[in-house]
Amino acid sequence: MPVTSASPRAGVRENALLVLEDGYVLRGSSYGATGRTVGEIVFNTGMTGYQETLTDPSYHRQIVVMTAPHIGNTGVNDEDAESAGIRVAGFVVRDPARRASSWRCRRELEDELADAGVVGICRIDTRALTRHLRDRGAMRAGIFSSDALPAGAADAAGPSRTAVDICLEAVRAAPPMAGRALAAEVSARQRYVVEPSGRFEGCEPVAVVAAIDLGIKARTPWQLAERGVRVHVLPQTTTFEEVLALHPDGVFFSNGPGDPGTAHSEVELLRGVLDARIPFFGICLGNQIFGRALGYGTYKLSYGHRGINQPVLDRAAGRVEITAHNHGFAVDAPIGEPSLAPYDGGRYGRVEVSHVGLNDHVVEGLRALDVPAFSVQFHPEAAAGPHDGEHLFDRFVRLMADHRHRRDGAAARTIQEER
């Protein structure tokens, strides 16, 4: 039955502090679990979809600020989670809902956060905080409440300088996001298979895909399965030989957390895929790894793109799509005419930037012109978010079918010539 009573934690709150590494401090109240947490603080501009945000593995080791003022209105259900649990390091909201109201609701959001041990803070000015992060960039931060607050840190007269210094030391002792390899921390430990579903349920798959889980969201293999694809979801440690053993029609690299500059084994795996001319599709971290495999660099954005309302130009179609984003790094590739991929003297041929973000002209997609491969920086699985990018899964299915047709045709001609 839907939850209709108010959260028992909503009426009793501890004092709490939010401390950023540059010394910016906000005082509020505890939300979810009490205690302390540190991580990179980022903001999400989505008006809906907080459950998908909380369970997105790409937010691993990050404290997420929701710019929408009211959070928790629809509670938590059993259908919208994107992974096995809440992945954020901390949660910052302005006005938590006093009670959830939705026919799909099964639990209160604050209870879910507390049960998962996720430390949060509420009743702070998230607009001012977001403006600060836009000006200064994403940085390390900490939430401190209850016994985690040093003595005097949340007195009625305001936090003491000594107490803030203690919290600030804890924040600055945390490692920065740049240089961190985090995909292995959220990847599946064991491989699993998602069979064709929907109208394809029980049918022979139209294609077989090896999906490398770097922090994959549940809706991504579902999108492929709904198109008749059998998806083998594989751990981040999977080797190229293990991928080949599946005889895949295509390879997919998922989203995930961390700095793409640390993804050395993933880059080498992808180069094996490109050398074998196996069709490839990557999203988010998969896009950044594709860029690195082609020889382009990656760099950290000042405050990143996170939300479900980001405009992107599909340069080939001349169409603007509203897309869902969650990334703090981007590919450094030339926008304009196709260029020769720098790696190994142009080993993979020509590449074009297929998509560009309209807010800041960041590269949002790559397409190889001489090998069967493409990627996008945004999240076309639309969880949560608009559906403008879902056609890219159809494009991947067509790419695999076209490649298989050409391969089978070439094999038939070879047999004929040998006869």
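Is His-379 buried or exposed? His-379 counts as buried, at 3% relative accessibility (buried means under 20% relative accessible area, exposed over 50%, partly exposed in between, with a 1.4 Å probe and protein chains only). Keep in mind that this is a predicted model, where local features need pLDDT of at least 70, side-chain atom pairs count only at pLDDT 80 or more, and totals for chains, interfaces and linings use all residues. Residues are numbered from 1 along each chain as its sequence is written, and side-chain values use heavy atoms, leaving out hydrogens and water.

So what goes with His-379? The UniProt annotation "active site", from an unreviewed entry, covers Cys-284, His-379 and Glu-381; such annotations may be inferred rather than shown by experiment, and UniProt positions follow the numbering used here, with feature names shortened. They're spread over 98 residues of sequence, yet they cluster in space, with a largest C-alpha distance of 11.3 Å.

Cys-284 is buried too, at 1% relative accessibility. Among the residues Cys-284 touches are Asn-255, His-327 and His-379 (contact means heavy atoms within 4.5 Å). From its own side, His-379 touches Cys-284 and Asn-255, and also Asp-56 and Lys-217, among others.

Now hop over to Ser-375, which is buried with a relative accessible area of 1%. Its side chain makes a polar contact of 2.6 Å with that of Asn-287 (a pair of N or O atoms within 3.5 Å; within protein, one must be able to donate a hydrogen and the other to accept it, and residues adjacent in sequence count only if both atoms are side-chain atoms). Ser-375 also touches Phe-281, Gly-282 and Phe-290, among others.

How values were computed. Lists of a residue's contacts leave out its neighbours within four places in sequence.
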